[in-house]
Structure formats: C-alpha cells, structure tokens
Amino acid sequence: MSLVHEIDYGTPPSLAAETVKLTIDGNEVTVPAGTSIMRAAMDAGIQVPKLCATDSVEAFGSCRLCLVEIAGRAGTPASCTTPVAAGMVVSTQTDRLKQIRNGVMELYISDHPLDCLTCAANGDCELQDMAGAVGLREVRYGTGGENHLAQEKDDSNPYFTFDASKCIVCSRCVRACEEVQGTFALTIQGRGFDSKVSAGMAEKFIDSECVSCGACVQACPTATLIEKTVIDVGQPEHSVVTTCAYCGVGCNFKAEMRGEELVRMVPYKDGLANRGHSCVKGRFAWGYANHRERILNPMIRERIDQPWREVSWDEAIGRVASEFKRIQAKHGRLSIGGITSSRCTNEEAYLVQKLVRGGFGNNNVDTCARVCHSPTGYGLSKTYGTSAGTQDFDSVEHTDVVLVIGANPTDAHPVFASRLKKRLRQGARLIVIDPRRIDLVRMPHVEAQYHLALRPGTNAAILNALAHTIVTEGLMNEAFIRERCDISAFEHWAAFVSEPQNSPEAVGLIAGVSPEAIRGAARLYATGGNGAIYYGLGVTEHSQGTTAVMAIANLAMVTGNIGRPGVGVNPLRGQNNVQGSCDMGSFPHELTGYRHISDGAMRSTFEEAWGRSLDGEPGLRIMNMFDAALDGSFKGLYVQGEDILQSDPNTHHVSAALSAMECVVVQDLFLNETATYAHVFLPGSTFLEKDGTFTNAERRINRVRRVMAPKNGMADWEITLAIAKAMGFDMPYSHPSEVMDEIARLTPTFAGVSYDLLDKAGSVQWPCNEKMPLGTPVMHIDAFVRGKGNFIITEYVPTDEKVGPRFPLLLTTGRILSQYNVGAQTRRTANVVWHEEDMLEIHPHDAEQRGVRDGDWVRLDSRTGGTALRARVTDRVAPGVVYTTFHHPDTQANVVTTDYSDWATNCPEYKVTAVQVAPSNGPSDWQRSYGEHAERSRLIAKAAAE
Ligand code: SF4
Ligand code: SF4
Ligand code: SF4
Ligand code: FES
C-alpha cells in the first residue's frame, strides 16, 4: 500500500464552457477559458515551481517563484495569477527564470531554520521541494542576517502547532480560512519584513475565532502549521480513502498511516460531498479509537447490579442466543427485538434487520433515525414519493435564496456550512427560521436578510404563513404547478393556506414574529431566483414534525423550486448514516427501499432470498418496545451502536423499561449509558476497522474502507452473523461486499450498486437503476417519483406541551461543533477543551428575574424530571426560551424531555419542553445517584476472567 497522492494544480479550476488553445514549453494545451497558466501547464504535466499557490484557494501572486515568459510580452508574469489566452506561447524553464527563482529561494532559505533533517515535515515540505526544484545549492546571504528564527511557537491548539519561525508568509493559511472554511480567523499583520500570520487579534489559536477545521494546516506548504500527530509519530507512509463516521455530510478522507498507526486524516479532494474540506471532528477527533475506556473483550453478567465478567466470544454469543431463545419460548415470538444504528454501516444495519426478521421471526426492529429524521421519510414520501432529500451538496453553488429552518449548519454540518457560506459571500441571500440566533444569522461576511425567531413548536404555523403570502399575493409558479402537480390537491391546499388563521398577522401572534418579516421572507423565497430549503432536527423533532416537512415540500412546489440544481428540499442528516439506516429496512413496517412489509409479493422475494418466511405484521417501534417492556410482554433487546438511554426522551421511562427486560445486549465501543442496564456487552469496532458503506444526506453511498484490523478481534457484521447462526439462522457471507450485492439485488433503488462500482465511481447517489446507473444527483427533474406532486393540508395544531405557572419557559435543544450527539466518541478526544459540559442558555431578562448569573448552577425542571447544569446568560435565545446541548451524560438533558411525539412517526418532541429554571447549588440528587449507579455498573471483574 502507498500514499494516495492528489495532484495540486496550483489554482482552482475554471468552470467556463469555452476553451482556449495555447502552447507551453512546446506542448499544445487546450483548457477552459480563465484557467491560469500554472494550471494549464499542470494539465500538460509541466510543474511550474510555486509556493504561495495551491488549488484550494484563489491565487495571490506573492512568492514570485512561478514566473514564466510569454512570447511577445515583456517581463516575467506570475503563472498563478495570469490567465491563459488563445495562441499564447509560454516558456516555464529558461535561464533567466532559473536565475530569478534561485534568487527568490535564497531569500526564503536565508530566513528559515535549517533543521530539515529533524523537522516533522521532512519529506512533505514544499519549501524543501522547491529548493530542490530550482536547483538551489548555496545561500549567498548566509543565515546570520536579520530574521524571524526566534519567533515563538504556539501549541495552544490540541491538534496542531504554529511555529512562526518556519513561516514564509505565503498567506495560503489565511486564504484557506477565508475561502474554504469561511471563518476569517487569520490575518497577515504588519508589512514587508514585519509581516506575520496572526490568529485573531494576535491571540493564541485556542483563544481566537479559529474552529480547528484544519484547512490552514492542510494549505501550509511548510512545517509552520502541522498536526501534532505528525510531530509525534512521523510522516505517514500509506493511506486508505474512507468516509467520516460523524455527521451526515459524509466527508471523504485519506486515512494516512505509518505501519498500523493512524497519523492523520486528510480530507480527500475527490470526495464529492466535501471536496477536500473537513471539520474538527472528522479531521482530528479520532483519538477515541484508542481510548483506554474502549472495551475489547465480550462480557456478560446475570444481573445488572453485578460486575461484568470478561468471556470468550463463543460464550458471549452463546449467552445471547440461549437467552433470546429462552425468552421467546416463555414469552412468545414477539417478546424480543433489535435496534439498528445510524452510526453503523448500511451492511451492518441490513444484517440486524435481517436477523430480527429472519432469526427472531418478527418485525420488532427500529432505528435511532426514529428519533431524528423519521418525519422526513414519511413527509417527503407522501408529497414527492421518495423518502430523501432532493439535491446534492454541489447544488448550493447555484442557489440564490437559502432558507435554513431548524438547522444549525455551522455547528452540526460544518463542511456543508462552509460551502453554503461561500455561496452567501458570492451574493446569495439568506432566511433563517430558528428560535435561537444561530451563527449564520450574523457572522463575518454573512448576514441573514430575515431571521424569524419563532417560538419553539410553531414551525408549521410559520410555514403556512409563508405559503399564505405566496398564494394570496400571486407569487406562485403557476406553470410548474399546472404541469407537475396534482391540481385538485393544489386547489384544496391553496384554499386552506389562504384562510385568515394562516395569515402572517394571525400566525405572527402565535409565533412571536412580526408579520412584515414573515411576508418579506416569503416574497424573497418566492421571487429571489433559485430557492433552496435546508432543514434539520429543529423541524422534525416536534409533535408536528411530519406536518412541517410536508409544509416545506408544499412551499418548494408552489414556487417551482424543485427538480433542478440550486433549489430543492434538503434535510441535513444528523448522523453519518441516518439516510442509510432508514434505506436498509430498519423500520418495523418496511423492508429495504421503504417497501411495506404487508406487501405479500415483495415479501416473498425476501422470503425466497433468505429462506425464511416473514411476518407480514409491522413490529414495535422503539417507544412501543419500552411500553411493552413495562407491560411485561417485551423481554429481550439487541442494540447495535446506539445509546438509547442517553439519546431517547424521558430517561426515567427508558431506564425503567430497560430494567424490566431479562436480556439486554449492547454492542458498542464503550460501556455507554444503555450498557448500565445490559446483561451482555459485545465490543464493537470503529469506522477505521470496518469495510462497508455509509449513505449521506445527499443519498450518496460512500465507501468505508478498513484502515486497521478490528481491535476487538471481530467485525461488527461478523458479530450479527454469529448471533444469527447461534439462533439457527445461517447468513453465509464472507465479506460486506456480498451483503451489498444482496441489498442491490433486492432493492430497486440500489440496483447495480456494488463495491466495484463504488471503487470506480468514487460514490453514487441512489436511486441507481438502468436509466441512471451512476446515480441521481438531483431528483424529480421531469416528474415527481410519485407522478404528480401532492400538496397536503398542513393544519397547525399546537403541541400539548404548554407553558404555565409551574413551567413558564420553553426548552429547546441542539448541538455544538466540537461534540457529537451523546458525546461517546468526542468526549473521549481533545475536543473536550471546547465543550467540557452542557450549559443552559438563558436570556438576561429571564436570568435576572430568577437571580441567575452567568456561570451559576441552575435546576432545570419539567413535568417528567429535573437535572442541574450551569447557566450561560445570553441574548442568543429570546425571552421565554432556554436552550441546551445534550452531549454529556452528567447532565442527561433527556431526563427533562417529554414523551410527546410526532403524530405520524413517533419521532420525539425533543425541541419543545415546558420547564422552570431556578438557582441551584450543584448537581441534583438524581444526577449524583445515577452517577454512582453508572459507576458501579461499569465495574469489570477482570480477576475472575484471568
Ligand atoms: S483551523 Fe480552520 S478556522 Fe482555524 S485558523 Fe485554520 S482554517 Fe481558520
Ligand atoms: S503559516 Fe504556512 S501557509 Fe500560513 S503564511 Fe506561513 S507558511 Fe504560509
Ligand atoms: S462535516 Fe461531518 S462528515 Fe465532514 S468531517 Fe465534519 S463531522 Fe465528518
Ligand atoms: S506561486 Fe505564483 S506567485 Fe507564488
């Protein structure tokens, strides 16, 4: 295996359609107009020496190393900043150029530490390469003159260092921070000899605006900005292209290794979701894979108050099978079930649902997507005919108006956010609908035209009011509606949204938003050009989550914003494989590709393929499993890669349900909170240790490639196979690729998908079929998948969760950039320096009324439970609204959330909880007793196993 090398063309590509022919060093080259001479030369295989240019950022022309001669032109222009012209004759290697380049390099080297042999970048340093390329043999000025060699090193960032003594002030880092990441954390301060790179106002990186995306580190041609792991481990020697296992953006990375050790993750330029960019999680937060708390041996115990006992794989698997069989013999076929995970691969999710259906003989399988994007699946399938977003991420480059509702891309989908910010800097306009002032509302070079800071729980009302304005003011796209949509459904819907209760004036009172702002936002979306809607869990996790998804779909249809680049309805998926786990038949009523289990003909194709007869009755959803456990009819659960205790609502209810079960089997990396109630623990493997696929928010099927062997000795898919076999259901596969082959055979939207295809194409967006063998970037182009687009009435029904004298505030929840979901992974990395604890954001007015100061401990109580955490007093939230993240088990924010849920899908209403906040002395009694219980429950009787 070798390092995957990507060519640096020096400058970004030109997207011009017309081409230009020129000659470079005697070679005829044809390139798009607007291409730089440097890039055109690279196309012809000629590498012009360069330092300040790299193809991820616009050329700057400062180093003067890339000079060329052009026949008929005076001087020696920089090839990075000079565009090609028809008939141009360019020379990149002449004696004159050689002399100039030599002189330039001499100056650089005379002010550079000459410690190449011991420098961490030795072998991966462009300054070193260029010294060789220009044939530098001596430095006439010596190195004793005035220089920057004594500059201080900044190693405040946990993941990379900044050694100013090695900086050549090429500004690649500054441009990467601006153009690629969009954070503007770096500047060049001073002039001439005194110019230097500075984070923020000459701060340390850790204290600046820097969000640790690493784009500057990647852009730096020297060892000035370099990963600490490269300093510690050395230069990588081989690499494997794989996919990030955090969020639904699905960034591709080169996992660069030295022996069996991971040195660094480098975003892959050919990754079509991220195009060479990443966020702090994907690039840096992988240390959890080697964390000391990772469990590597299977464990069992008879009761949850006993310590764990390490056992062999055979014994652990045997225990699972014998317990599940015993439970079914005693309590019936329906008394056990399984939960698939959106953190696991498609193949792993497929196998778990196959085990449940074929091995357990029932449909009691559900997925953690139930608690996040199930309304997306349902809402979009009813309106458009497909349970997925309509666009690829490239689409944002063609958008004129972006409507972001209930999503916080800069924190939760950072790489997409960087692409979005770039488009906004180019002039696209922005509408944000969110109770909280998310960063996108105002940040460097980005400002939302409208921020509708609605009261939590009123999404459907606001969306209806936008539709009301569009319909009553005649801003509809009538041609699109006539041609593409069901007319009678449209007329019915148009009459509904035109009713007075849906007017901005009426809704404004309910939602706490000015009618003018609602009307302005509606007009902008309907008339501002290509309009694209991006939404997240702030839309779905409501009692009317499905209603709001349908209302979004209606808005896109009524304005004709569907079926071409730059428009569409784009759910931003939380976890890496939310889309995939849903596609794989993880819901209790659906087989793969969202086909209902009651469809006898379809079921029989699976029966034939699996050699088992399948139950045609839908099984239990997660919350029904909990209820059935408390009723005494559900006794055994296999949970793969999901911490239901921490992530599901109403923690007390979940813990009571788990305690009532006789055999809870948890398969995970760590003894998570759910494992506190488990009887069998099966150690899982990290994404670095597995082969498979993840499907991102664009429906893009990305390969996950094994970088190292599973540290626990058994891949996750093999564990499911072993359980199935022990239960008498043989699933004979020898590699995950065979699982994908079976999925493709049985699922029309995956037709033709195989690891071979993914290796060749890089990735594909389902649906793949005969017509679109390489996938479908934009859906519903000529017709909706269901035929005619279906407008659905979306009446606003207020949630039953009401504020009142006891609980006068509304709690809503969200994520933060550095942490991920329940934090099982990110809390075990250096990311904790940015977010050590969950805090409660509270408006200064509400804080003052309660005598709460910034940083104080407060109690947070709802009708389901209470917890305590520290307060952050901020006007990011409106009066009457409080906000917290849910990354830390010490806080257990879900002790407070209720079991209200979406009317169609049971997706919990995490985003609206009536609460009270009061000063407190510290953690609550419950937190203390839970902490003690969890600690006891994690004891491992190692001695017994030895
Ligand atoms: S790590 Fe990212 S945000 Fe921080 S300075 Fe570098 S490019 Fe900017
Ligand atoms: S830190 Fe690196 S990229 Fe930035 S100016 Fe210095 S040498 Fe160039
Ligand atoms: S944006 Fe998402 S997929 Fe990309 S690196 Fe960050 S966490 Fe990973
Ligand atoms: S690479 Fe062109 S001027 Fe630096």
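1. Two strands pair if DSSP finds at least two bridges between them. In this predicted model, strand β32 (residues 809-814) and strand β37 (residues 913-919) are joined by three bridges. Their pairing is antiparallel. Leu810 has Ala914 in β37 as its bridge partner.

2. That pair belongs to a barrel. Six strands form the barrel, in the order β32-β36-β33-β35-β34-β37. The barrel is closed, and its pairing is mixed. From one strand to the next, the twist averages 45°.

3. Look next at Lys911. This residue sits in the loop between β36 (881-885) and β37. Is Lys911 buried or exposed? Lys911 counts as buried, because its relative accessibility is 7% and the cut-off for buried is under 20%.

4. Ligand 2 has 14 residues around it. Cys167, Cys170, Ser171, Cys173 and Cys220 are the closest. The shell around ligand 2 comprises 10 nonpolar, three polar and one charged residues.

5. Ligand 3 has its own shell. Among the residues around ligand 3 are Cys244, Cys247, Cys251 and Cys279. Tyr246, Val249, Gly250 and Phe253 also surround ligand 3, as do Lys281, Gly282, Pro414 and Val415. Helices α7 (280-284) and α12 (414-425) each contribute at least two residues to this shell. By class, the shell around ligand 3 has nine nonpolar, two polar and one charged residues.

Definitions and conventions:
Residues are numbered from 1 along each chain as its sequence is written. Chains are lettered from A and ligands numbered from 1 in the order in which they are written. This is a predicted model: local features need pLDDT of at least 70, side-chain atom pairs count only at pLDDT 80 or more; totals for chains, interfaces and linings use all residues. Side-chain values use heavy atoms; hydrogens and water are left out. A residue is near a molecule or strand if one of its heavy atoms lies within 4 Å of it. Ala, Val, Leu, Ile, Met, Phe, Trp, Tyr, Cys and Pro count as nonpolar, Asp, Glu, Lys and Arg as charged, and the others, Gly among them, as polar. Helices (H or I, at least four residues) and strands (E, at least two) are DSSP runs, numbered from the N terminus. Axes are lines fitted to C-alpha atoms, for helices over the stretch in contact, and angles run from 0 to 180 degrees between N-to-C directions. Buried means under 20% relative accessible area, exposed over 50%, partly exposed in between (1.4 Å probe, protein chains only).
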